[in-house]
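The sequence and structure are shown first.

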Amino acid sequence: MEKKNNIIPDSFITDVRAIIDKGRQHAFVAAGQIAILTYWNIGRRIVEEEQQGNERADYGKNLIPALADRLTAEYGSGYGKRNLAYYRKFYLEFNDLEILHTRVQNLNLVAYSSPTLRKQP
């Protein structure tokens with residue numbers, strides 16, 4: 001027996017929509033937090049490679065431009081020289097992973113999301 005749409009209560013539809021919206025919201029926040037940690041780890045590896053265990057980096061290597069060439073070919077423009085330099089700077093500014101985890105978990109990324117994800121049920 002097939003049920004018609006008009007017998008589904010509006011409150012039921014509202015509840016299901018709220019579940020979907022909340023799930024999307026959580027997915028968006030989780031993806032943003034993972035992206036931040038990914039960029040931080042890229043910056044960490046750049047710094048480690050530049051410094052090779054030394055206190056300061058040897059800046060004559062041109063590591064970032066060479067890395068950007070390789071990564072943009074495979075992953076696109078999000079890994080160009082400018083972004084890689086930002087990831088490096090991000091790591092240098094927030095090089096304590098424990099503090100970064102605390103701050104990332106407290107970010108309200110939904111406030112910066114699209115209007116569709118921000119709407120409250």
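E48 is partly exposed at 36% relative accessible area, and R44 is partly exposed at 24%. Here buried means under 20% relative accessible area, exposed over 50%, and partly exposed in between (1.4 Å probe, protein chains only).

This is a predicted model: local features need pLDDT of at least 70, side-chain atom pairs count only at pLDDT 80 or more, and totals for chains, interfaces and linings use all residues. Residues are numbered from 1 along each chain as its sequence is written, and side-chain values use heavy atoms, with hydrogens and water left out.

E48 also forms a salt bridge with R45, with the closest N and O atoms 3.1 Å apart. R45 is partly exposed, at 41% relative accessible area.

**A bridge between helices**

The structure holds four salt bridges. One of them pairs the side chains of E50 and R88 (2.6 Å, N to O). This pair links distant parts of the chain, E50 in helix α1 and R88 in helix α3, 38 residues apart. Both E50 and R88 are buried.

**Contacts of I64**

Apart from neighbours within four places in sequence, I64 is in contact (heavy atoms within 4.5 Å) with I46, E50, K81, L84, A85 and R88.

Note on methods: Helix = DSSP H or I, 4+ residues; strand = E, 2+ residues; numbered from the N terminus.
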